[in-house]
Structures are given as structure tokens and as C-alpha cells.
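Trainee: I am new to this structure. Could you walk me through how to read it?

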Amino acid sequence: MSVHVSRRALVGGMATGAGLMLSGCDRIGDDPHFRSLLKTGEHGNYALQRLLQDRTALAEEFAPSQRSPIFRANGTRMPSGDVYAQHVATDFANWQVVVDGAVARPQAFSLAEIKAMPARTQITRHDCVEGWSAIAKWHGVPVKLLLDRAGVSPQARFLVFHCADPQSNGTMYYESFDLIDGYHPQTILAWAINDALLPVPNGAPLRLRVERQLGYKQAKYVQRIQAVTTLAGIYGGGGGYWEDAAGYEWYAGL
Ligand SMILES: Nc1nc2c(c(=O)[nH]1)N[C@H]1C(S)=C(S)[C@@H](COP(=O)(O)O)O[C@H]1N2
Ligand SMILES: [Mo]
């Protein structure tokens with residue numbers, strides 16, 4: 001059994017265990033913080049995983065031969081608008097990633113700077129809730145290195161990834177997660193897939209890989225990382241485009 005499958009099995013098994021623990025352990029069951037976490041339906045999965053899983057564990061990595069013959073594109077395949085078209089025409093020479101919000105030193109990284117930074121390579125499996133998975137090799141800068149340059153404030157709790165593709169509801173695609181995933185060693189801004197520069201349909205010039213979460217968390221066309229203390233007030237407040245638009249789980253942990 002692969003590590004990945006056993007982790008899923010573990011979550012299922014642990015959920016049952018938590019039920020037993022709740023009824024059997026008054027001290028945790030009475031803790032108001034714990035109770036409110038469990039009561040918040042959309043954060044129930046997150047609460048359980050925080051309690052019961054090692055969130056710093058690595059996602060399974062694969063051998064080059066296990067890669068899928070193609071890595072399809074899903075969602076936006078070409079961001080609309082003149083600004084992105086201009087970036088395509090200039091080979092993304094002027095693309096920047098801003099790191100701001102609850103940070104000591106707001107930064108703007110050029111694409112060239114990001115490509116010159118230490119990179120991580122990982123062959124991982126992408127799981128889309130629409131019912132497909134694919135294994136690919138990703139290469140890019142650990143998000144931790146960008147965060148360290150910016151100096152994330154002690155009060156910051158979440159990272160919001162702002163994308164360059166407008167959605168039909170008038171907002172931009174965005175996603176967010178907590179700092180455990182932000183500092184996770186496999187959380188990278190990838191600029192290459194399968195040894196080639198990231199193509200436009202897969203999020204050129206930079207897309208997120210946050211390997212312990214599902215496909216819709218893997219923000220493409222990333223242009224800003226905003227550290228925040230709360231997700232309230234950011235678009236619909238759900239922490240992501242699909243969370244706001246369709247009620248997807250904010251914590252999409254694998
Ligand atoms: N900016 C942006 N990021 C996005 C999306 C999108 O439409 N726009 N789609 C998401 C979904 S649902 C999936 S499954 C993956 C698809 O990545 P791919 O196009 O490289 O296969 O990107 C995610 N990130
Ligand atoms: Mo997806």
C-alpha cells in the first residue's frame with residue numbers, strides 16, 4: 001500500500017477515533033475552543049487534521065517513470081484580458097510576485113529573481129475533485145524562502161494567493177491556507193513542469209504546489225502572496241474562489 005493511500009485510510013480511521021475520544025474524554029470535549037472548531041462545519045476537516053495528523057509530513061513522491069503521459073489543464077487555460085496577453089507576448093519578462101500584508105518587509109520578486117533562487121524538484125500526484133489525478137514533476141522556489149525574505153509577522157495566520165485570471169463572477173481566482181502549509185517543504189511556486197517551462201494552460205509563469213491539498217488549492221498565475229490575520233473581508237471570506245462560489249472545503253487536506 002502506498003504512503004498516500006494509507007494516509008487517507010488513516011484519516012478515515014482517526015475520525016472514528018475522535019468520536020470515541022470526544023465521548024470518552026471530558027477534558028478535551030469541554031474545551032470551548034475545541035468544541036467551536038468541531039461545530040464549524042466547513043472547518044471540521046481542518047480541525048480534525050490539525051488534531052490528529054502530522055501536517056508537516058511529506059506527500060508521497062514518485063519515480064520519473066510513474067509520471068502521467070500528459071498533465072491536463074483544468075479551470076482557466078488562458079487568463080482573459082490585455083495585461084496577461086502582454087505578459088505572454090513578452091515571455092513574462094515583467095512578471096512580479098508581490099509578498100505583502102502582515103509582513104515586516106514587503107517584497108516584489110521578479111520572475112528572473114525567483115528562477116535564480118534555490119529550487120526544489122518533486123514528482124507528486126495532483127488530485128482534482130472533478131475526478132482525475134495525474135503525476136508530474138514540478139520545479140520551483142520553496143514559498144518559505146519568499147516568506148523569510150518578507151519576514152512574516154507573528155500575528156499572521158494565513159497566506160492568500162492572488163491569481164491573474166478573472167472569473168465569470170467578476171472576482172479573481174484566489175486561494176489560501178495556513179502557515180503550516182506555507183512553510184511546508186513541498187510548498188513551492190513552480191515555474192517548470194516535467195523539465196519544461198510551465199505552459200500557459202498550467203499557470204505560467206508561476207503556479208503553486210501545495211502537495212498535501214487538493215487540486216483547486218494549486219493556484220495558477222500567482223502574482224501576489226498576502227499574509228493575513230483573518231480571511232474575513234477577502235472576497236467572499238471563504239478563503240478561495242471555489243470556497244466562495246460553490247462551498248468547497250477550505251481545508252482540502254489529503
Ligand atoms: N488561477 C487558477 N488556479 C487554478 C484554477 C483556475 O481555474 N485558476 N483551477 C484549479 C483546479 S480546480 C485545478 S484541478 C488545478 C488544475 O491545474 P492544471 O490546469 O495545471 O491541471 O488548478 C487549480 N488552480
Ligand atoms: Mo480541480
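**Reading the model step by step**

Mentor: Start with one residue. His87 sits in helix 5, which spans residues 82–89. Keep in mind that this is a predicted model.

Trainee: Is His87 buried or exposed?

Mentor: Look at relative accessibility. Buried means under 20%. His87 has 17%, so His87 counts as buried.

Trainee: Which residues does His87 touch, beyond those up to four places away in sequence?

Mentor: Phe92, Asn94 and Trp95.

Trainee: Now the whole chain. How many helices and strands are there?

Mentor: The protein chain has nine helices and 10 strands. It has 254 residues, and buried ones make up 47% of them. Of the contacts with a separation of 6 or more, 68% join residues 24 or more positions apart. Then take the surface. The accessible surface of the protein chain is about 11,700 Å², and carbon and sulfur atoms hold 57% of that.

Trainee: How many residues are in the largest nonpolar core?

Mentor: A core is traced through buried nonpolar side chains that touch. Here the largest one has 52 residues. Leu146, Leu159, Phe161, Leu189 and Ile225 have the most contacts inside it.

Trainee: Which elements supply at least two residues of this core?

Mentor: Two helices are among them: helix 6 (111–116) and helix 7 (143–150). The strands are strand 1 (96–101), strand 5 (158–166), strand 6 (172–178), strand 7 (188–193) and strand 10 (222–228). Strand 5 gives the largest share, six residues.

Trainee: What is Phe161 in contact with, leaving aside neighbours within four places in sequence?

Mentor: Its partners include Val143, Tyr173, Phe177, Leu208 and Ile225. Glu175 and Arg224 are also among the residues Phe161 contacts.

Trainee: Next, the ligand. How many residues surround ligand 1?

Mentor: Count the shell, then find the closest members. Ligand 1 has 21 residues around it, and Arg72, Asn74, Asp165, Asn202 and Lys220 are the closest. By class, the shell has 10 nonpolar, seven polar and four charged residues.

Trainee: Where do N or O atoms of Arg72, Asp165 and Lys220 lie relative to ligand 1?

Mentor: Check which part of each residue is involved. For Arg72, a backbone N or O atom lies 2.6 Å from a ligand 1 oxygen. For Asp165, a side-chain N or O atom is 2.7 Å from a ligand 1 nitrogen. For Lys220, a side-chain N or O atom is 2.5 Å from a ligand 1 oxygen.

Trainee: What share of ligand 1 does the protein bury?

Mentor: Alone, ligand 1 exposes 530 Å², and the protein buries 98% of that. Strand 3 (120–128) and strand 5 each give two or more residues to the shell.

Note on methods. Residues are numbered from 1 along each chain as its sequence is written. Chains are lettered from A and ligands numbered from 1 in the order in which they are written. This is a predicted model: local features need pLDDT of at least 70, side-chain atom pairs count only at pLDDT 80 or more; totals for chains, interfaces and linings use all residues. Side-chain values use heavy atoms; hydrogens and water are left out. A nonpolar core is a set of buried Ala, Val, Leu, Ile, Met, Phe, Trp, Tyr and Cys residues joined through side-chain atoms within 4.5 Å. Buried means under 20% relative accessible area, exposed over 50%, partly exposed in between (1.4 Å probe, protein chains only). Helices (H or I, at least four residues) and strands (E, at least two) are DSSP runs, numbered from the N terminus. Contact means heavy atoms within 4.5 Å. A residue is near a molecule or strand if one of its heavy atoms lies within 4 Å of it. A polar contact is a pair of N or O atoms within 3.5 Å; within protein, one must be able to donate a hydrogen and the other to accept it, and residues adjacent in sequence count only if both atoms are side-chain atoms. Accessible areas come from the Shrake-Rupley method with a 1.4 Å probe; for residues, only the protein chains shown count as cover. Ala, Val, Leu, Ile, Met, Phe, Trp, Tyr, Cys and Pro count as nonpolar, Asp, Glu, Lys and Arg as charged, and the others, Gly among them, as polar.
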